[in-house]
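I opened this notebook to record what I looked up in one structure. The entries follow the order of my reading.

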Amino acid sequence: MTQYKFIDLFSGVRGFDIAFENAGAKCVFACDKDKWARRVYQANFNMPPDCIADDITTLNPADIPDFDILCAGFPCQSFSVLGRRQGFADQTRGTMFFYILEILKQRRPRAFFFGKRKGVINRAKWPML
């Protein structure tokens with residue numbers, strides 16, 4: 001049986017993708033801006049330091065190890081009821097989606113999964129979909 005490899009963007013402390021590992025997949029790369037989340041991630045999951053990035057805006061998609069599935073829980077505050085709902089106009093968080101989109105375009109994984117918060121899909125404007 002093939003072991004699928006996945007990456008975890010905006011990983012936090014890996015609450016989103018543990019199901020993939022429980023199903024036999026292997027995380028080969030993670031990215032989160034929060035240094036404490038990265039430290040917890042490393043300590044709990046024994047991820048090598050060179051497989052955890054801190055800033056998606058400086059990440060070259062070609063430098064990511066080979067993977068089959070992209071998981072991302074991108075910052076939802078710009079789109080959900082948890083924030084001001086500025087959408088893509090929120091230059092700090094609202095544009096992070098476009099970095100994920102670029103990785104998808106360049107690397108073409110077999111599948112991708114995004115985390116969802118209340119109000120994200122319902123009211124956000126998704127011009128590229």
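This is a predicted model: local features need pLDDT of at least 70, side-chain atom pairs count only at pLDDT 80 or more; totals for chains, interfaces and linings use all residues.

Entry on strand pairing. I looked up the neighbours of β1. It runs parallel to β2, and five bridges join the two. Within β2, Lys 26 stands opposite Lys 5. I also found β1 paired with β4 in the parallel sense, over four bridges. There, Ile 7 has Leu 70 of β4 as its bridge partner.

Entry on the nonpolar cores. Which residues have the most contacts inside the largest nonpolar core? I listed Ile 7, Leu 9, Phe 29, Ile 56, Leu 70, Ile 100 and Ile 103, in a core of 17 residues. At least two residues of this core come from each of β1 (5–9), β2 (26–31), β4 (69–72) and α3 (96–107). With four residues, α3 gives the most to this core. I then recorded a second, separate core of eleven residues, with Ala 25, Tyr 41, Cys 51 and Ile 52 among them.

Entry on the cysteines. How many disulfides does the structure hold? I found zero. For Cys 51, I looked up the closest cysteine sulfur, which belongs to Cys 27; the two sulfurs are 8.4 Å apart, and therefore too far for a bond. A disulfide would need them within 2.5 Å. Cys 51 is buried, with a relative accessible area of 17%. Cys 31 is also buried, at 3% relative accessible area.

Conventions: Residues are numbered from 1 along each chain as its sequence is written. Side-chain values use heavy atoms; hydrogens and water are left out. Buried means under 20% relative accessible area, exposed over 50%, partly exposed in between (1.4 Å probe, protein chains only). A nonpolar core is a set of buried Ala, Val, Leu, Ile, Met, Phe, Trp, Tyr and Cys residues joined through side-chain atoms within 4.5 Å. Two strands pair if DSSP finds at least two bridges between them.
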